[in-house]
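User: I am new to this structure and would like to learn how to read it. Could you take me through its features one by one?

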Amino acid sequence: MNALVLNAGLKLAMEFGEDWLAPIQSRLAKLHPELTPAELDEYDAACRKAMNFGHEQVADCLRQAAGSQAEARRRFEDLVRSQFDWLDDANLAHLFSQGCYYAWKNGEMP
């Protein structure tokens, strides 16, 4: 899979608003019309896997870092990049920020 397409897909997967949690295939196809439906499904699955993994790690990283957001982010980046080395810096930062929101919303952090 192509890292540029994966990052474009992850950006789409993390969108709030009208497309919040919506499948990315149709939007990704507009950016990459060369992709087959099967490939679009694979990109959607890979992006959701990365997004969900990232969201699940934030609260634990914050606890391990004793509440230090800088340390939590370093731990988060190391952990997520060890599983998804294709993530670019912008998506990694957005994923951490979004994960913090979900952790706060779910009562997992103050």
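**Reading the helix packing**

Analyst: Helices (H or I, at least four residues) and strands (E, at least two) are DSSP runs, numbered from the N terminus. This is a predicted model, in which local features need pLDDT of at least 70 and side-chain atom pairs count only at pLDDT 80 or more, while totals for chains, interfaces and linings use all residues. Residues are numbered from 1 along each chain as its sequence is written, and side-chain values use heavy atoms, with hydrogens and water left out.

User: What confidence does the chain have on average?

Analyst: pLDDT is the predictor's confidence in each residue, from 0 to 100. Where pLDDT is low, the predicted coordinates should not be read in detail. The chain averages 92, and 99% of the residues score at least 70. Confidence is highest in helix α1 (residues 3-13), at 97, and lowest in α5, at a mean of 91.

User: Is H55 buried or exposed?

Analyst: Buried means under 20% relative accessible area, exposed over 50%, and partly exposed in between (1.4 Å probe, protein chains only). H55 has 17% relative accessibility and therefore counts as buried. Contact means heavy atoms within 4.5 Å. Apart from neighbours within four places in sequence, H55 is in contact with L95, Q98, G99 and Y102.

User: How do α3 and α5 cross?

Analyst: Two packed helices are described by the angle between their axes and the distance between the axes. Axes are lines fitted to C-alpha atoms, for helices over the stretch in contact, and angles run from 0 to 180 degrees between N-to-C directions. The axes of α3 and α5 cross at roughly 65° and come within 8 Å. On the α3 side the contact is made by A50, M51, G54, H55, V58, A59 and L62, and on the α5 side by L95, F96, Q98, G99, C100, Y102 and A103. By class, this contact has 10 nonpolar, 4 polar and no charged residues. Ala, Val, Leu, Ile, Met, Phe, Trp, Tyr, Cys and Pro count as nonpolar, Asp, Glu, Lys and Arg as charged, and the others, Gly among them, as polar.

User: Which residues does Q98 touch?

Analyst: Q98 is in helix α5. Not counting residues up to four places away in sequence, Q98 touches M14, F16, M51 and H55. Q98 counts as buried because its relative accessibility is 4%. The C-alpha atoms of Q98 and E15 are 10.0 Å apart, although 83 residues separate the two along the chain.

User: Where is A13, and what is it in contact with?

Analyst: A13 is in helix α1. With a relative accessible area of 2%, A13 is buried. Beyond its neighbours within four places in sequence, A13 is in contact with I24, C47 and M51. A13 and M51 are 38 residues apart in sequence and 7.7 Å apart from C-alpha to C-alpha.

User: How do α1 and α3 cross?

Analyst: Their axes come within 9 Å and cross at roughly 65°. V5, L6, G9, L10 and A13 of α1 meet Y43, A46, C47 and M51 of α3. This contact of α1 with α3 has 8 nonpolar, 1 polar and no charged residues.

User: At what angle do α4 and α5 pack?

Analyst: Helix α4 (residues 69-83) and helix α5 (residues 89-105) pack at about 120°, with their axes 11 Å apart. Angles under 35 degrees count as roughly parallel, over 145 as roughly antiparallel, 65 to 115 as roughly perpendicular and the rest as oblique. α4 and α5 are therefore oblique to each other. By class, their contact has 8 nonpolar, 1 polar and 4 charged residues.
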